[in-house]
Amino acid sequence: MDQLPIVRPGERVVARSDGKGGLILGVEKIKGREFAASAECSGYVLDARLLMDVLGSLKMPGSWFQVWCKLVALQNANRADDQTRAAARGFVKTNQRDLQARCNLSAASVNEASQFFAHVGWMRTAKRGVLQLNPWLTVAGTSGEQEKWQALWNSAEGPACLIPHADYPTEWRQAREAEKKAAESARLKEKVVTLRQRRPVRKVSA
């Protein structure tokens with residue numbers, strides 16, 4: 001190799017096969033910060049610092065943070081275990097009971113965390129027992145794989161992603177509680193109509 005590529009701030013080195021057993025090194029811009037302003041960009045847009053910065057600012061229950069960390073840890077993107085992987089690359093095979101055991105949390109805590117992360121568009125249910133985490137935030141694949149997973153997310157009409165502000169979890173909880181109270185109040189106001197019991201018809205003896 002004659003010369004190493006020059007890497008400037010905001011760039012990273014990428015390696016690609018030349019098809020002859022060698023590697024071609026190149027430099028590409030890191031796009032991760034673009035996601036905070038727009039989800040329209042495609043390709044490799046993962047920025048762990050952005051995600052951790054958001055998580056570090058959110059005033060949310062510790063149980064939610066636990067659940068998210070476990071989900072990201074389960075999203076194994078290594079090719080070494082392609083033959084034994086339970087779900088396709090870029091996806092997570094798990095369910096509420098599995099997350100309860102992994103996080104040592106109650107069903108209510110896991111369920112609430114899952115609903116919140118689905119609400120803010122950080123994950124979606126791909127099929128029963130398989131989740132897809134938002135590929136703009138979490139997938140550590142190649143640029144081509146990123147675009148593939150992004151296309152899958154869009155074709156499935158995955159939820160729009162939010163970068164929530166610090167107090168958003170509290171506001172979300174309050175809104176859900178208000179909805180539950182309104183639904184319960186409406187249920188109690190429903191008129192209950194008591195049906196008369198029909199008297200049994202007596203047979204007249206001959």
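Reply: Happy to! Helices here are DSSP runs of H or I with at least four residues, strands are runs of E with at least two, and both are numbered from the N terminus. Counted that way, the chain has 6 helices and 5 strands. Their order along the sequence is β-β-α-α-β-α-α-β-β-α-α. Please keep in mind that this is a predicted model.

Before zooming in, here is the wider setting. The chain has 206 residues, of which 32% count as buried. Take the contacts between residues at least 6 apart in sequence: 57% of these join residues at least 24 apart.

Let's look closely at helix H4, which covers residues 107–119. We can begin with a check on its length. After the helix comes Gly121, whose phi is positive, near 75°.

Which residues of H4 are buried? They are Val110, Glu112, Ala113, Ser114, Phe116 and Phe117. The buried residues of H4 pack against H2, helix H3 (96–103), strand S4 (123–127) and helix H6 (168–189).

Setting aside neighbours within four places in sequence, Ser114 touches Gln96, Leu99 and Met123.

Now turn to one of the partners, helix H2 (residues 62–74). H2 and H4 pack at an angle of about 70°, and their axes are 9 Å apart. Angles from 65 to 115 degrees count as roughly perpendicular, so that is how H2 and H4 sit relative to each other. On the H2 side, the contact is made by Ser63, Trp64, Val67 and Trp68; on the H4 side, by Ser109, Val110, Glu112, Ala113, Phe116 and Phe117. Sorted by type, the residues of this contact are 7 nonpolar, 2 polar and 1 charged.

H2 also packs with H3, at an angle of about 105° and with the axes 10 Å apart. H2 and H3 are therefore roughly perpendicular to each other too. Here Gln66, Val67, Lys70, Leu71 and Leu74 of H2 meet Asp98, Leu99, Arg102 and Cys103 of H3. This contact divides into 5 nonpolar, 1 polar and 3 charged residues.

One last stop is the cysteines. How many disulfides does the structure hold? There are 0. The cysteine sulfur closest to that of Cys69 belongs to Cys103, but it is 8.8 Å away, which is too far for a bond. Cys69 is partly exposed, because its relative accessibility is 35%, whereas Cys103 is buried, with a relative accessible area of 5%.

Methods. Residues numbered from 1 in each chain as written. Predicted model: local features only at pLDDT ≥ 70, side-chain atom pairs only at ≥ 80, totals over all residues. Heavy atoms only, no water. Axes fitted to C-alpha atoms, helices over the stretch in contact; angles between N-to-C directions. Parallel < 35°, antiparallel > 145°, perpendicular 65-115°, else oblique. Contact = heavy atoms within 4.5 Å. Nonpolar A, V, L, I, M, F, W, Y, C, P; charged D, E, K, R; others polar. Buried < 20%, exposed > 50% of the residue type's maximum accessible area, 1.4 Å probe, protein only. Disulfide = S-S within 2.5 Å.
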